[in-house]
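Here is a short tour for a first look. Keep the sequence and the 3D view side by side as you read.

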Amino acid sequence: MELTIVWFYWKKSKNLKMKHYQFILFYLISNFIIYLFQGSIWLYLTWFFVFSMVVIWGSFDIQLGYFVNSIINKRTKIKEAALSFDDGPTEYTPKFLDILKENNTKATFFCIGKQIEKYPETFQRIIAEGHLVGNHTYSHSNNTGFLSTSKMIDEIQKCDEVMLKIGNIKTDLYRPPFGVTNPNIAKAIKKTQKKSIGWNVRSLDTVITDERKILKKVTKRSEKGSIILLHDTSEKTYNVLVELLLFLEREKYSTFTIDSIIKSEK
Ligand SMILES: [Zn+2]
(Lines give C-alpha, C1' and ligand atoms only; values in the text may rest on other atoms or scores of the structure.)
Protein backbone atom coordinates (compact mmCIF):
# COMPACT_ATOMS: atom_id res chain seq x y z
CA MET A 1 0.00 0.00 0.00
CA GLU A 2 2.63 2.45 1.05
CA LEU A 3 4.80 1.55 -1.89
CA THR A 4 1.88 2.12 -4.25
CA ILE A 5 1.41 5.62 -2.92
CA VAL A 6 5.10 6.38 -3.18
CA TRP A 7 5.27 5.01 -6.69
CA PHE A 8 2.18 6.97 -7.69
CA TYR A 9 3.56 10.28 -6.45
CA TRP A 10 7.02 9.66 -7.76
CA LYS A 11 5.49 9.20 -11.20
CA LYS A 12 3.25 12.23 -10.78
CA SER A 13 6.09 14.34 -9.48
CA LYS A 14 7.98 13.71 -12.69
CA ASN A 15 4.99 14.33 -14.94
CA LEU A 16 3.94 17.49 -13.20
CA LYS A 17 7.40 18.89 -12.55
CA MET A 18 6.68 18.79 -8.88
CA LYS A 19 9.61 19.92 -6.82
CA HIS A 20 11.48 17.27 -4.84
CA TYR A 21 10.72 18.78 -1.50
CA GLN A 22 7.02 18.55 -2.31
CA PHE A 23 7.48 14.89 -3.05
CA ILE A 24 9.27 14.36 0.24
CA LEU A 25 6.45 16.19 1.98
CA PHE A 26 3.95 13.84 0.36
CA TYR A 27 6.01 10.89 1.44
CA LEU A 28 6.16 12.03 5.05
CA ILE A 29 2.46 12.85 5.20
CA SER A 30 1.54 9.50 3.68
CA ASN A 31 3.71 7.68 6.21
CA PHE A 32 2.15 9.59 9.04
CA ILE A 33 -1.39 8.87 7.84
CA ILE A 34 -0.62 5.18 7.38
CA TYR A 35 0.78 5.08 10.89
CA LEU A 36 -2.33 6.78 12.29
CA PHE A 37 -4.99 4.72 10.60
CA GLN A 38 -3.32 1.35 10.05
CA GLY A 39 -5.20 0.42 6.92
CA SER A 40 -8.72 1.48 7.79
CA ILE A 41 -11.16 3.04 5.33
CA TRP A 42 -10.40 6.38 6.97
CA LEU A 43 -6.89 6.07 5.69
CA TYR A 44 -8.09 6.23 2.13
CA LEU A 45 -10.57 9.00 2.78
CA THR A 46 -8.08 11.11 4.68
CA TRP A 47 -5.45 10.55 2.06
CA PHE A 48 -7.88 11.53 -0.66
CA PHE A 49 -8.77 14.68 1.28
CA VAL A 50 -5.14 15.66 1.82
CA PHE A 51 -4.35 14.99 -1.83
CA SER A 52 -7.31 17.12 -2.96
CA MET A 53 -6.27 19.99 -0.74
CA VAL A 54 -2.72 19.89 -2.06
CA VAL A 55 -3.96 19.84 -5.65
CA ILE A 56 -6.34 22.77 -5.08
CA TRP A 57 -3.60 24.71 -3.34
CA GLY A 58 -1.18 23.85 -6.13
CA SER A 59 -3.62 24.97 -8.85
CA PHE A 60 -4.11 28.40 -7.36
CA ASP A 61 -0.66 29.27 -6.11
CA ILE A 62 1.39 30.18 -9.13
CA GLN A 63 4.50 30.70 -7.01
CA LEU A 64 4.54 27.06 -6.02
CA GLY A 65 5.20 25.87 -9.57
CA TYR A 66 3.14 22.77 -8.86
CA PHE A 67 1.88 22.03 -12.38
CA VAL A 68 3.78 24.57 -14.45
CA ASN A 69 7.13 26.20 -13.80
CA SER A 70 6.26 29.87 -14.05
CA ILE A 71 8.72 32.72 -13.99
CA ILE A 72 7.80 34.66 -10.85
CA ASN A 73 10.73 37.07 -10.54
CA LYS A 74 14.10 38.03 -11.96
CA ARG A 75 17.35 36.96 -10.38
CA THR A 76 19.14 40.27 -10.12
CA LYS A 77 21.51 42.14 -7.85
CA ILE A 78 20.22 45.59 -8.70
CA LYS A 79 17.12 47.34 -7.42
CA GLU A 80 14.66 46.75 -10.22
CA ALA A 81 11.05 45.62 -10.45
CA ALA A 82 8.59 44.81 -13.23
CA LEU A 83 5.14 46.29 -13.50
CA SER A 84 2.66 43.93 -15.11
CA PHE A 85 -0.93 44.73 -16.00
CA ASP A 86 -3.56 42.07 -16.66
CA ASP A 87 -7.02 41.96 -18.25
CA GLY A 88 -6.79 44.96 -20.58
CA PRO A 89 -7.02 46.80 -22.75
CA THR A 90 -9.93 48.66 -21.17
CA GLU A 91 -11.32 52.18 -21.16
CA TYR A 92 -8.83 52.96 -18.35
CA THR A 93 -5.72 51.77 -20.18
CA PRO A 94 -4.99 55.10 -21.96
CA LYS A 95 -4.64 56.80 -18.55
CA PHE A 96 -2.18 54.11 -17.48
CA LEU A 97 -0.23 54.66 -20.68
CA ASP A 98 -0.14 58.42 -20.09
CA ILE A 99 1.36 58.16 -16.63
CA LEU A 100 3.84 55.47 -17.68
CA LYS A 101 4.96 57.70 -20.54
CA GLU A 102 5.31 60.68 -18.21
CA ASN A 103 7.56 58.56 -16.00
CA ASN A 104 9.44 57.07 -18.91
CA THR A 105 8.54 53.60 -17.62
CA LYS A 106 7.95 50.46 -19.67
CA ALA A 107 5.59 47.79 -18.43
CA THR A 108 4.27 44.40 -19.51
CA PHE A 109 0.58 44.11 -20.47
CA PHE A 110 -1.04 40.68 -20.47
CA CYS A 111 -4.00 41.27 -22.73
CA ILE A 112 -7.26 39.41 -23.24
CA GLY A 113 -8.11 38.70 -26.91
CA LYS A 114 -11.72 39.85 -26.54
CA GLN A 115 -10.60 43.13 -24.98
CA ILE A 116 -8.12 43.73 -27.80
CA GLU A 117 -11.00 43.39 -30.26
CA LYS A 118 -12.97 45.90 -28.21
CA TYR A 119 -10.12 48.43 -27.92
CA PRO A 120 -7.88 47.82 -30.95
CA GLU A 121 -6.40 51.32 -30.96
CA THR A 122 -5.42 51.11 -27.32
CA PHE A 123 -3.71 47.80 -27.99
CA GLN A 124 -1.80 49.37 -30.86
CA ARG A 125 -0.84 52.26 -28.62
CA ILE A 126 0.55 49.89 -25.96
CA ILE A 127 2.87 48.41 -28.58
CA ALA A 128 3.73 51.74 -30.22
CA GLU A 129 4.82 53.17 -26.88
CA GLY A 130 7.33 50.39 -26.37
CA HIS A 131 5.60 48.25 -23.77
CA LEU A 132 5.73 44.49 -23.86
CA VAL A 133 2.56 42.46 -24.44
CA GLY A 134 1.72 38.89 -23.46
CA ASN A 135 -1.13 36.42 -23.98
CA HIS A 136 -3.86 36.26 -21.32
CA THR A 137 -6.24 33.99 -23.29
CA TYR A 138 -9.04 35.01 -25.63
CA SER A 139 -11.96 35.13 -23.23
CA HIS A 140 -10.52 34.86 -19.70
CA SER A 141 -13.23 32.34 -18.89
CA ASN A 142 -14.30 31.88 -15.29
CA ASN A 143 -14.12 28.16 -16.03
CA THR A 144 -10.45 28.34 -17.02
CA GLY A 145 -9.55 25.74 -14.40
CA PHE A 146 -12.06 23.24 -15.83
CA LEU A 147 -11.41 23.53 -19.57
CA SER A 148 -10.09 20.62 -21.61
CA THR A 149 -6.60 20.77 -23.09
CA SER A 150 -7.96 21.47 -26.58
CA LYS A 151 -10.23 24.26 -25.32
CA MET A 152 -7.24 25.80 -23.52
CA ILE A 153 -5.13 25.58 -26.67
CA ASP A 154 -7.98 27.32 -28.53
CA GLU A 155 -8.08 30.07 -25.92
CA ILE A 156 -4.35 30.74 -26.25
CA GLN A 157 -4.21 30.45 -30.05
CA LYS A 158 -7.25 32.66 -30.57
CA CYS A 159 -5.64 35.39 -28.48
CA ASP A 160 -2.44 34.98 -30.52
CA GLU A 161 -4.44 35.42 -33.74
CA VAL A 162 -6.10 38.62 -32.51
CA MET A 163 -2.72 40.03 -31.42
CA LEU A 164 -1.23 39.28 -34.82
CA LYS A 165 -4.19 40.71 -36.70
CA ILE A 166 -4.58 43.91 -34.70
CA GLY A 167 -1.07 44.53 -33.40
CA ASN A 168 1.00 42.64 -35.97
CA ILE A 169 2.81 41.11 -33.04
CA LYS A 170 3.70 37.65 -31.73
CA THR A 171 4.39 36.73 -28.14
CA ASP A 172 5.67 33.66 -26.38
CA LEU A 173 4.61 34.95 -22.97
CA TYR A 174 1.51 33.58 -21.31
CA ARG A 175 -0.05 34.60 -18.05
CA PRO A 176 -2.61 32.16 -16.64
CA PRO A 177 -5.98 33.79 -15.85
CA PHE A 178 -6.47 33.82 -12.06
CA GLY A 179 -2.98 32.32 -11.82
CA VAL A 180 -4.63 28.93 -12.25
CA THR A 181 -2.61 26.03 -13.60
CA ASN A 182 -3.44 22.33 -13.86
CA PRO A 183 -2.34 19.39 -16.03
CA ASN A 184 -4.56 20.48 -18.98
CA ILE A 185 -3.24 24.04 -18.86
CA ALA A 186 0.31 22.70 -18.54
CA LYS A 187 -0.20 20.68 -21.73
CA ALA A 188 -1.72 23.66 -23.55
CA ILE A 189 1.23 25.88 -22.58
CA LYS A 190 3.65 23.26 -23.85
CA LYS A 191 1.75 22.74 -27.08
CA THR A 192 1.54 26.47 -27.85
CA GLN A 193 5.21 26.88 -26.83
CA LYS A 194 4.52 29.60 -24.32
CA LYS A 195 6.45 30.61 -21.25
CA SER A 196 4.26 30.94 -18.20
CA ILE A 197 4.73 34.21 -16.37
CA GLY A 198 3.58 34.55 -12.79
CA TRP A 199 4.36 37.15 -10.14
CA ASN A 200 5.75 37.34 -6.63
CA VAL A 201 3.95 40.52 -5.59
CA ARG A 202 0.20 40.31 -5.78
CA SER A 203 -1.63 43.60 -5.24
CA LEU A 204 -5.12 42.12 -4.96
CA ASP A 205 -6.22 45.36 -6.61
CA THR A 206 -9.40 43.75 -7.94
CA VAL A 207 -10.42 42.61 -4.46
CA ILE A 208 -9.29 45.28 -1.99
CA THR A 209 -11.18 48.58 -2.19
CA ASP A 210 -8.84 50.78 -0.14
CA GLU A 211 -6.15 52.26 -2.39
CA ARG A 212 -3.74 52.82 0.49
CA LYS A 213 -4.01 49.17 1.51
CA ILE A 214 -3.23 48.03 -2.02
CA LEU A 215 -0.23 50.34 -2.22
CA LYS A 216 1.06 49.21 1.14
CA LYS A 217 0.71 45.57 0.15
CA VAL A 218 2.80 46.15 -2.97
CA THR A 219 5.48 48.36 -1.45
CA LYS A 220 5.94 46.07 1.54
CA ARG A 221 6.56 43.01 -0.58
CA SER A 222 8.57 44.51 -3.42
CA GLU A 223 12.20 43.49 -3.59
CA LYS A 224 15.00 43.18 -6.14
CA GLY A 225 13.64 41.46 -9.24
CA SER A 226 9.98 41.47 -8.21
CA ILE A 227 7.20 41.03 -10.73
CA ILE A 228 4.24 43.07 -9.54
CA LEU A 229 0.72 42.06 -10.60
CA LEU A 230 -1.74 44.89 -11.25
CA HIS A 231 -4.81 45.34 -13.46
CA ASP A 232 -5.41 48.19 -15.90
CA THR A 233 -9.11 47.88 -15.25
CA SER A 234 -10.00 50.63 -12.78
CA GLU A 235 -9.48 54.20 -11.66
CA LYS A 236 -8.49 52.77 -8.29
CA THR A 237 -5.49 50.90 -9.67
CA TYR A 238 -4.55 53.97 -11.69
CA ASN A 239 -4.33 55.95 -8.44
CA VAL A 240 -2.27 53.17 -6.90
CA LEU A 241 0.07 53.26 -9.90
CA VAL A 242 0.63 57.00 -9.51
CA GLU A 243 1.77 56.45 -5.92
CA LEU A 244 3.68 53.30 -6.75
CA LEU A 245 5.74 55.10 -9.39
CA LEU A 246 6.63 57.74 -6.81
CA PHE A 247 7.61 54.99 -4.37
CA LEU A 248 9.85 53.28 -6.93
CA GLU A 249 11.53 56.57 -7.73
CA ARG A 250 12.04 57.42 -4.07
CA GLU A 251 13.50 53.98 -3.37
CA LYS A 252 15.73 54.24 -6.45
CA TYR A 253 14.16 51.28 -8.23
CA SER A 254 14.48 50.96 -11.96
CA THR A 255 11.89 48.96 -13.91
CA PHE A 256 12.27 46.12 -16.35
CA THR A 257 9.98 44.28 -18.75
CA ILE A 258 9.55 40.51 -18.57
CA ASP A 259 11.48 39.80 -21.77
CA SER A 260 14.69 40.91 -20.06
CA ILE A 261 14.41 37.88 -17.75
CA ILE A 262 14.19 35.48 -20.64
CA LYS A 263 17.07 37.19 -22.43
CA SER A 264 19.25 37.13 -19.30
CA GLU A 265 18.57 33.44 -18.70
CA LYS A 266 19.42 32.29 -22.20
ZN1 LIG B 1 -6.66 38.05 -15.56
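## A salt bridge to start from

Glu-80 and Lys-74 join their side chains in a salt bridge, with 3.3 Å from N to O. The model is a predicted one. Glu-80 is buried, at a relative accessible area of 7%. Lys-74 is buried too, at 11%. Both values fall under 20%, the cut-off for buried.

## Salt bridges across the chain

The whole structure holds ten salt bridges. One of them pairs the side chains of Glu-251 and Lys-79, at 4.0 Å from N to O. Glu-251 sits in the loop between H10 and S8, and Lys-79 in the loop between H3 and S1, so this pair ties together parts 172 residues apart in sequence. Glu-251 is partly exposed, with a relative accessible area of 32%. Lys-79 is also partly exposed, at 35%.

Another salt bridge runs between Lys-101 and Glu-129, whose closest N and O atoms are 3.6 Å apart. This pair links distant parts of the chain: Lys-101 is in helix H4, and Glu-129 is in the loop between helix H6 (120-128) and S3, 28 residues apart. Lys-101 counts as exposed, at 56% relative accessibility. Glu-129, by contrast, is buried at 16%. Both residues belong to a network of salt bridges that also links Asp-98 and Arg-125.

## Strands side by side

Now turn to the strands. S1 (residues 80-88) and S2 run parallel, joined by four bridges. Here Ser-84 stands opposite Thr-108 in S2. S2 also runs parallel to S3 (residues 132-135), again with four bridges. On that side, Thr-108 has Leu-132 as its bridge partner. Helix H4 (residues 93-102) comes in as well: S1, H4 and S2 make a right-handed β-α-β unit.

Are the faces of S2 covered or open? Both are covered. In a regular strand, side chains alternate between the two faces of the sheet. In S2 (residues 108-111), Thr-108 and Phe-110 lie on one side, with Phe-109 and Cys-111 on the other, and all are buried.

## The zinc site

Which residues are the protein donors of the zinc ion? They are Asp-87 through OD, His-136 through NE2 and His-140 through NE2, lying 2.1 Å from the ion. Asp-87 lies in strand S1 and His-136 in the loop between S3 and helix H7 (149-167), so the pair ties together parts 49 residues apart in sequence. Along the chain, the donors follow the spacing D-x48-H-x3-H.

Asp-87 is buried, with a relative accessible area of 16%. His-136 is buried as well, at 1% relative accessibility.

## A surface patch

Ile-41, Trp-42, Tyr-44 and Leu-45 make a nonpolar surface patch of about 470 Å². Trp-42 has its place in helix H3 (residues 41-60). Is Trp-42 buried or exposed? Trp-42 is exposed, because its relative accessible area is 53% and the cut-off for exposed is over 50%.

## A buried tyrosine in a loop

Tyr-253 is found in the loop between helix H10 (235-250) and strand S8 (254-255). Tyr-253 is buried, with a relative accessible area of 14%. In sequence, Tyr-253 and Lys-224 are 29 residues apart. In space, their C-alpha atoms are 8.4 Å apart.

Note on methods
Residues are numbered from 1 along each chain as its sequence is written. This is a predicted model: local features need pLDDT of at least 70, side-chain atom pairs count only at pLDDT 80 or more; totals for chains, interfaces and linings use all residues. Side-chain values use heavy atoms; hydrogens and water are left out. Buried means under 20% relative accessible area, exposed over 50%, partly exposed in between (1.4 Å probe, protein chains only). Helices (H or I, at least four residues) and strands (E, at least two) are DSSP runs, numbered from the N terminus. Two strands pair if DSSP finds at least two bridges between them. A crossover is right-handed if, with the strands pointing away from the viewer, the path from the first strand over the helix to the second runs clockwise. Patches are made of residues with over 30% relative accessible area and no salt bridge: like charges are joined within 9 Å, nonpolar side chains (Val, Leu, Ile, Met, Phe, Trp, Tyr) within 5 Å. Accessible areas come from the Shrake-Rupley method with a 1.4 Å probe; for residues, only the protein chains shown count as cover. Donors are N, O and S atoms within 2.8 Å of the metal (3.2 Å for Na, K and Ca); water is not among the atoms, so sites may look incomplete.
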